[in-house]
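Please keep the sequence and the model at hand while reading.

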Amino acid sequence: MSLDRSAAMKIAEVLTESLPYIQRFTGKTIVVKFGGNAMIDESLQNSFARDIVLMKLVGLNPVVVHGGGPQIGQLLEKLSIKSEFVDGMRVTDSATMDVVEMVLGGTVNKQIVSLINRNGGKAIGLTGKDGKLIRARKMTVTRKTPGMNASEIVDIGHVGEVVSINTDVIDMLTNSNFIPVIAPVGVGNDGAAYNINADLVAGKIAEVLQAEKLMLLTNVAGLMDKQGEVLTGLSTQQVDELIADGTIYGGMLPKIGCALDAVKAGVVSAHIIDGRVDHAVLLEIFTDVGVGTKISNQRD
């Protein structure tokens, strides 16, 4: 099938627009958290995989971190294991942790690796247990209890937070032209496994690698103001102000907090992008328009 001249010119324009971005980001590390609709919809899965493969081919170093909450919930339901949440975090007893490891480190991780490889990439799947990649400790959660003055400490089981990241494992893979695909399961000093929020893992990995970008795929168009308009270029100071005045609240707070921490720790920019858009990752990196909210230390 031949292209008409206008279609061919449009392709040329797109390639020309992307060239300065490719030149600017060659050799840079981009950490991408893969989740939401992009993980479930088949066409979005394939567009994501092609984006990651193209990034690697043009000289960037993508590192993929993935979640898997819906898949974990589905298997727990099949096994008649009740799901319980505290402040948005899944209470993870030993039986639940077995399922978490099975789904994140097995099913979901291998699906993403296979997806990238089928689209021409060279991906290798890891969990935080491999090569002591993610050292973790048990997370403690406190919450106010009605009728009590003091806060209550809640045991949510094998839910962890990141202590350290072993960058040697990631560096070895990226330097050998592989794409790391990381499941957010950490390991404690006692060898216990911990379920860790994928956004937090992606943020910490971006920090220790001093990544050019941290990209968090979501099911929303980006960070919005009180009128429902997407906010595009924000400084860390502006984000702090939006949190203080209540524009950013509820379920978006942990994700924004993760992005904010990464940028304040040296990541050049963090992006909250709409994973429901085909090729969202490429659009955000290689075009002037983008498809989400960029947070950096500079005002756009």
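For helices, an axis is a line fitted to the C-alpha atoms over the stretch in contact, and the angle between two axes runs from 0 to 180 degrees between their N-to-C directions. The structure discussed here is a predicted model.

**A pair of helices**

In this model, the axes of helix α7, residues 198–208, and helix α9, residues 252–264, come within 9 Å and cross at roughly 5°. Because angles under 35 degrees count as roughly parallel, α7 and α9 are therefore described as roughly parallel to each other. On the α7 side the contact is made by D199, L200, G203 and E207, and on the α9 side by K255, C258, D261 and A262. Sorted by class, this contact of α7 with α9 comprises three nonpolar residues, one polar residue and four charged residues.

**Pocket and cavity**

Rolling a probe the size of a water molecule over the atoms shows where empty space is left. The largest pocket holds about 1,100 Å³ of space, and among the 38 residues that line this pocket, K33, G88, N197, A198 and D199 are the closest to its centre. Two or more lining residues are given to the largest pocket by each of α2 (37–40), α4, β4 (89–90), α7, β13 (213–218) and α9. Helix α9 supplies the largest share of that lining, and D199, one of the residues closest to the pocket centre, also takes part in the contact of α7 with α9.

One cavity of 30 Å³ or more is present in the structure. The residues that line the largest cavity are A38, L44, S47, F48, D51, L217, G275, V277, H279, A280 and V281, and the elements giving two or more residues to this lining are α3 (42–57) and α10 (280–286). The table sets out volume, leading element and lining composition for the two spaces.

| Property | Largest pocket | Largest cavity |
|---|---|---|
| Volume | about 1,100 Å³ | about 50 Å³ |
| Largest share of the lining | α9, six residues | α3, four residues |

**Individual residues**

Most residues other than glycine have a negative phi. Against that background, K132 has a positive phi near 50°, and its place is in the loop between β5 (123–127) and β6 (134–138). K132 has a relative accessible area of 55% and is exposed, since the cut-off for that class is over 50%. Q210, in the loop between α7 and β13, likewise has a positive phi near 50°, but with a relative accessible area of 46% this residue is partly exposed.

Is M224 buried or partly exposed? With a relative accessibility of 32%, M224 counts as partly exposed, and this residue is found in the loop between β13 and β14 (233–235). When its neighbours within four places in sequence are left aside, M224 is in contact with E229, V230, L231 and T247. The C-alpha atoms of M224 and L104, which are 120 residues apart along the chain, are separated by 31 Å.

Finally, E77 lies in helix α4, residues 69–78, and is exposed, its relative accessible area being 64%. Between the C-alpha atoms of E77 and G131, residues that are 54 places apart along the chain, the separation is 32 Å.

How values were computed
Residues are numbered from 1 along each chain as its sequence is written. This is a predicted model: local features need pLDDT of at least 70, side-chain atom pairs count only at pLDDT 80 or more; totals for chains, interfaces and linings use all residues. Side-chain values use heavy atoms; hydrogens and water are left out. Angles under 35 degrees count as roughly parallel, over 145 as roughly antiparallel, 65 to 115 as roughly perpendicular and the rest as oblique. Contact means heavy atoms within 4.5 Å. Ala, Val, Leu, Ile, Met, Phe, Trp, Tyr, Cys and Pro count as nonpolar, Asp, Glu, Lys and Arg as charged, and the others, Gly among them, as polar. Buried means under 20% relative accessible area, exposed over 50%, partly exposed in between (1.4 Å probe, protein chains only). On a 1 Å grid over the protein atoms alone, a cavity is a set of points where a 1.4 Å probe fits but cannot get out, and a pocket is an open set with protein on both sides within 12 Å along at least five of seven lines; lining residues have an atom within 4 Å of a point. Grid points are joined across faces, edges and corners, and a volume is the space filled by probe spheres set on the points.
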